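These are my notebook entries on a structure that I looked through for its contacts and one part of its fold. The entries follow the order in which I looked things up.

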Protein chains: 2
Amino acid sequence: MSMSRNRRPTIVDVAELAGVSKSTAARALTGSTNITDETRERVVRAASAVGYERNHLAVGMRSGRSGMLGLVMPDIANPFWADVARGAQDRAAQAGMSLLVFSSDWDPDVEATHLQTLRRARVDGAIINPVSDSFDDLDRFGLPCVFIGSSAERFPDVSSVGSDIAQAVRLGLDRLVQMGHPAPALILGPKSRLARARFLRAVHEHCVERDVDPGILDIEDGEYTVEGGREAMKRLMARARVGHLAVFAANDMMALGAMMAVRDAGLDCPRDVSIIGFDGIPSGEFAWPGLTTVAKPGRDIGERAVEGLFDEIEHKPEHRRIYMPCRLIERGSLADLSTHAPKRIAGAGRV
Amino acid sequence: MSMSRNRRPTIVDVAELAGVSKSTAARALTGSTNITDETRERVVRAASAVGYERNHLAVGMRSGRSGMLGLVMPDIANPFWADVARGAQDRAAQAGMSLLVFSSDWDPDVEATHLQTLRRARVDGAIINPVSDSFDDLDRFGLPCVFIGSSAERFPDVSSVGSDIAQAVRLGLDRLVQMGHPAPALILGPKSRLARARFLRAVHEHCVERDVDPGILDIEDGEYTVEGGREAMKRLMARARVGHLAVFAANDMMALGAMMAVRDAGLDCPRDVSIIGFDGIPSGEFAWPGLTTVAKPGRDIGERAVEGLFDEIEHKPEHRRIYMPCRLIERGSLADLSTHAPKRIAGAGRV
DNA sequence: CGGCGCCATGGGAACGTTACCGCGATTAAA
DNA sequence: TTTAATCGCGGTAACGTTCCCATGGCGCCG
């Protein structure tokens with residue numbers, strides 16, 4: 001018995017036990033052709049007898065494929081990104097691949113470090129929510145890449161997957177109009193973020209289609225946080241405005257912050273103020289009232305990103321940018337003013 | 001120029017450019033001794049010139065250390081587990097290691113598949129929230145392991161990290177007593193879950209210390225979900241009980257569900273019913289009222305698990321089970337009855 | 001001044017796997 | 001029946017790295 005207990009069995013151990021060469025053992029185990037059924041079965045039996053498990057490091061070295069994918073996101077603890085990670089992980093596992101997960105915390109330096117780690121680990125491809133503005137060394141040796149998120153649009157020559165902001169905004173605005181809020185105020189993110197511009201552009205297009213002057217919309221900016229939304233909502237309420245106030249927040253966290261500000265001001269949502277968010281984070285379900293929002297398909301985005309990455313790895317550059325449709329989740333933070341004040345352009349009167 | 005653009009540069013490319021042997025190049029790059037500063041600098045310069053990046057697959061194969069850790073959790077999209085993952089990932093990155101993340105969905109078969117993948121990937125160790133009851137093949141070849149979560153207590157001979165349920169329960173009950181709720185009702189998980197027994201035992205111990213008969217506590221069981229908590233709360237309210245009702249839920253989701261049930265019944269939290277949860281999920285912050293809860297240190301648990309795993313990998317079996325302290329987060333779902341009804345054992349009267 | 005030892009370097013093997021090639025045997029085709 | 005083709009199998013090289021050992025040069029000490 002040459003098999004020591006502390007050493008992991010290799011394919012030669014299997015071959016010896018089966019009485020064949022390691023070449024034959026490899027053929028049997030890889031499911032290759034040119035092998036007798038009887039021999040294959042003998043090898044397979046020997047493999048399970050010694051507890052053989054193929055060494056993926058060695059396979060990866062020989063074949064140049066590590067069987068691993070990289071995922072670099074701002075923060076895995078953020079519910080949206082966790083959802084994306086889950087989708088990516090499921091799709092990768094389905095294809096027999098593993099996922100290396102990293103959080104960049106919106107820091108370009110951290111991101112660069114993680115990317116270097118990914119390249120060193122010889123991942124077969126990477127899914128990245130880009131923070132940095134330049135990726136010179138990213139594709140220097142052709143690491144297949146798919147970007148995710150709206151910041152990915154800064155890189156038109158890299159395949160990417162994101163939510164369809166135009167469709168999402170349309171979804172939200174249509175519902176607002178249906179409920180009798182044709183000209184909602186907007187709470188947007190910082191001007192530096194690309195997503196802000198996308199969101200605003202979609203609003204403009206929608207207004208134009210409905211012959212509404214986008215200029216009449218109240219707009220407040222804030223950080224993409226609860227506190228940012230709270231402050232923005234305070235400023236919004238401070239503006240002299242009569243009647244019911246409807247708000248479309250570009251982010252659920254901000255929407256929840258806005259809800260808090262409404263409560264702080266002694267008002268009631270949805271009676272005095274209607275709020276609709278954008279993201280679909282779980283917290284919106286437990287707020288009171290439940291937050292009506294346009295949900296991004298985080299999991300689907302993760303899945304599609306992996307699928308796109310497979311195309312990229314196989315050098316099938318079919319698509320460049322995929323927009324995943326969002327869906328409306330109604331929970332009760334929108335007042336229905338349509339019966340009381342049908343078809344008015346400006347803000348409707350208080351119920 | 002023999003360097004093709006599509007081939008990743010190896011250490012021999014570096015060595016050739018620097019005019020040394022690959023052994024010397026390796027010495028220079030690994031920071032080993034026995035090398036001239038001048039030679040080292042020349043090699044380092046050559047390495048960056050050709051864009052050399054050490055192949056971790058090859059390193060892992062040669063050294064037996066892949067530089068990767070595995071993390072198997074029920075669901076990365078669950079906020080608590082996402083937090084754990086974040087902590088583990090940060091601590092691993094800090095040590096220069098990568099994290100392979102998997103979600104088992106509480107399915108033993110899926111878990112087994114992921115563990116096999118981990119072993120094949122030759123991870124240096126794994127952090128696992130165990131679902132299965134048996135792990136025969138887990139340590140057959142000595143894969144270093146640290147378990148996390150309360151289900152880990154089923155495996156006393158495996159190092160594990162979990163939250164200190166006894167301390168958490170004490171924290172919650174002490175606060176309840178301070179607020180004038182000495183004998184709260186309990187909403188617990190299914191009887192099959194180990195965490196339920198731990199929670200209940202801690203409650204019993206605390207009651208005994210305070211000379212309260214644990215038998216007088218109302219108890220309802222439910223699934224660890226919003227719906228489970230909602231149903232349990234309904235049953236709790238259906239019991240003939242006068243005065244203010246205080247509830248300690250063993251899980252934040254259930255606590256939020258209980259809050260919904262209270263609202264559905266036309267009652268008010270905290271005026272009519274006090275609710276305290278256990279977990280510390282973000283959603284509790286946005287509920288109305290904000291959910292007072294005992295928060296598990298998810299991120300810390302992840303970090304400590306990685307640290308424990310390092311000890312395990314280096315065969316330093318110091319500790320076996322680490323209990324991480326929880327902390328109380330007060331948000332307003334507890335009514336303060338202490339001034340109105342100080343020091344009463346049974347349920348206090350309505351305010 | 002000579003021998004010994006240290007130190008910088010180079011050569012080669014090994015980690016575990018798979019691809020390629022060669023060889024013998026069995027079978028099909030002429 | 002003879003030849004060619006196919007098929008099953010074994011040997012060997014190669015992936016990129018690090019470690020061990022050998023070698024040669026130089027300095028130090030006796």
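**Surfaces near the DNA**

I first sorted the surface near DNA strand C by class and recorded 9 nonpolar, 11 polar and 4 charged residues. For this sorting, Ala, Val, Leu, Ile, Met, Phe, Trp, Tyr, Cys and Pro count as nonpolar, Asp, Glu, Lys and Arg as charged, and the others, Gly among them, as polar.

I noted that the model is predicted: local features need pLDDT of at least 70, side-chain atom pairs count only at pLDDT 80 or more, and totals for chains, interfaces and linings use all residues. Residues are numbered from 1 along each chain as its sequence is written, while chains are lettered from A and ligands numbered from 1 in the order in which they are written.

I then listed the 24 residues that surround DNA strand C, of which the closest are T10(A), I11(A), S21(B), S23(B) and T24(B). Helix 2 and helix 4 of chain A, with helix 2 and helix 4 of chain B, are the elements that give two or more residues to this surface. A residue is near a strand if its C-beta atom, placed from the backbone, lies within 6 Å of it. Helices (H or I, at least four residues) and strands (E, at least two) are DSSP runs, numbered from the N terminus.

For DNA strand D I found 25 surrounding residues, with S21(A), S23(A), T24(A), T10(B) and I11(B) the closest. By class, the surface near DNA strand D has 9 nonpolar, 12 polar and 4 charged residues.

**Contact between the chains**

I looked up the contact next: 41 residues come from chain B and 40 residues from chain A, where contact requires C-beta atoms, placed from the backbone, within 7 Å. The side of chain B that touches chain A divides into 19 nonpolar, 12 polar and 10 charged residues.

**Strand 9 of chain B**

Why is strand 9 of chain B largely enclosed by the rest of the structure? I found that 7 of the 7 residues of this strand (residues 273–279) are buried, so it is largely enclosed. A residue is buried if 20 or more other C-beta atoms, placed from the backbone, lie within 10 Å of its own.

I recorded 4 bridges joining strand 8 (residues 245–249) of chain B to strand 9 of chain B, which run parallel; strands pair if DSSP finds at least two bridges between them. F248(B) has I276(B) as its bridge partner in strand 9 of chain B. Strand 9 of chain B also pairs with strand 10 (residues 292–295) of chain B in the parallel sense, over 4 bridges, and G277(B) stands opposite T293(B) there.

Methods:
Contact = placed C-beta atoms within 7 Å. Buried ≥ 20, exposed ≤ 12 C-beta atoms within 10 Å, placed from the backbone.
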